[in-house]
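Let's take a walk through this protein together. Have a look at the chain first, and then we'll go from the big picture to the details.

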Amino acid sequence: MNHLKSNSHSVRATFLGGLGDVGRNCLLLECQNDAILIDCGVLFPDERAPGVDLILPDLDLLDDLSTNLRAAFFTHGHEDHIGAAPYLLRRHELPLYGSPLTLALLNARLEEAGLAKDADMRRLRVHATVRQGCFEVTPFHVCHSIPDALGFAIRTPAGMLIHTGDYMLDNRPLDGNLTDLQMLGELGSEGVLALFADSTNADVPGHTPSQKSIYDGLAKVFAQAEYGRVIVASFASNLARVQQIADLAHQYGRRVCLLGRSLERNLPLAADLALLDIDPTDLLPTRLIDQVPHEELAIVCTGSQAEPGSALARLAEGRHPLLEIDQGDTVIISASTVPGNERPVQRMVGELFRRGANVIFGQLGDVHVSGHAAREDTRTLLSVVRPQFFVPVHGSHHHLALQGQVAIEAGLPEDAVMVVGDGAALEIGPDRIAQVGQRQARYIHVNRGAPRAFISERILSQRRQLARAGIVVVTARVDLRRERLAGKPQVRGVGLFDEADDVLADIADELGQRLASDPEPLADLEEAESRVKMLVGRQLKAETGLRPRIVAIVTAG
Ligand SMILES: [Zn+2]
Ligand SMILES: [Zn+2]
């Protein structure tokens, strides 16, 4: 599709990711000759992508811009908003804007990638407008499960856009800092062309309760824990939760110890910025974790999603180098299970119970609350902002569709609500919004250890086949002068089934005989390879029912 230049009275919004998944949020805004990005995050893959750590937004869509990409603005420090920034920076030199905590977390990511030194990071302050080309971006505070989160008012020659970022309407936030409905109301009076709003909880009725509301639930668990340790698993970025646990631990005479690399990295960053009331030097060093009586210890750890190798997953498997679960320990999973992780989490919870822990999770006890606005909160937002157009963002397709319904129920005309998916391009101008394009926003799969090796869908399907049925390698030599097989072919397999070697030896014999008696000459190596593959594949299927991946290597000899 051709990238038409936006005329002076319209903004083009293209979604490089984030619509259809909770993850890889990345929105490109173009107006006149300028472009900016809002967020550049990752999506965490499920079991359909073996060996893949991260899925990026389709940054290839930035390659043929006719506009000038001026800057990236980050709403907050969660991975689904900042995680792909290193990949963006490898391709484009541009300033990165964010709040102090967002920049600190971003910097940690860039340091890992060896990109921090040359990065141009610029601090945002609420209500202080930044100009980039024809975009004027004014940040405002929003409540979320991480401190220092922002939404953006974006003034353009076509009108004003508002992007909520991830937000909730918490009327008793832990840090006392409310979502800035006052500024949103003022912007509403000024006139808002389009509102892009977080849809994560569009399937949750009512209001999202305050982060403070779970304090009692957590306190009850601490009170009942008595003689065992209290182990709380949460997201490493949920610093508000870490603060709550630290406060409760103090109240119940327990020392706090952090388990998990990302937690140990994030906490000092937030404490440095005075966003947490925890002195990192008060924390019990991990190496002393086994020297404190159980009833005097509270552990905050990673692994709420049973991520392989995370602290809680290793405890459940009895493979943690420093700690073993004991009778009387209480484990709290203070996070909701991300869709797709249900089975591993269930297995982990089962293992923890088996080892003697009491596990509080899911609906048992009020130990978690979401950081995203529910349906009634969206209605409140709409009544405050009163936008002309509404675009649901940040969610799976069902979240986006349901969020669109909320807006229509709240009185917006149907054609003012644009429910679209990844790759969609919207043209937004005074009194009009329309989808003007649909590009493919492909998944870019990467492995953290090999950031420059991209894994396409074709490679993934090979990996799935390997995982399902293993691999068979056939080697053979061909005498090209005589156009016949030279010697015996070899057939080896990996990941097939018990006693596969015997079957493969028979198949090798059979293959040798078939090729030797075949009147068709073996004149071309490539052609010989596909014939070998076909013959071995057919025979394997007939004898075992399996269809492993077959690799044939035929050489001249
Ligand atoms: Zn978030
Ligand atoms: Zn998010």
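The C-alpha centres of domain 1 and domain 3 lie 53 Å apart. Domain 1 covers 11–207 + 370–455, domain 2 covers 211–360 and domain 3 covers 470–556, with bounds from an automatic or database domain assignment. Keep in mind that this is a predicted model, where local features need pLDDT of at least 70, side-chain atom pairs count only at pLDDT 80 or more, and totals for chains, interfaces and linings use all residues. Residues are numbered from 1 along each chain as written, chains are lettered from A and ligands numbered from 1 in the order written, and side-chain values use heavy atoms, without hydrogens and water.

Now for the metal. The zinc ion (ligand 2) is held by D80 (OD), H81 (NE2), D166 (OD) and H394 (NE2), at 2.1 to 2.2 Å. Donors here are N, O and S atoms within 2.8 Å of the metal (3.2 Å for Na, K and Ca); water isn't among the atoms, so sites may look incomplete. D166 also bridges to the zinc ion (ligand 1), and the two ions lie 3.3 Å apart. H81 sits in helix α1 (residues 79–82) and D166 in the loop between β12 (159–163) and α4 (181–190), so the pair ties together parts 85 residues apart in sequence. Helices (H or I, at least four residues) and strands (E, at least two) are DSSP runs, numbered from the N terminus. H81 is buried, at 2% relative accessible area, and D166 is buried at 2% too; buried means under 20%, exposed over 50%, and partly exposed in between (1.4 Å probe, protein chains only).
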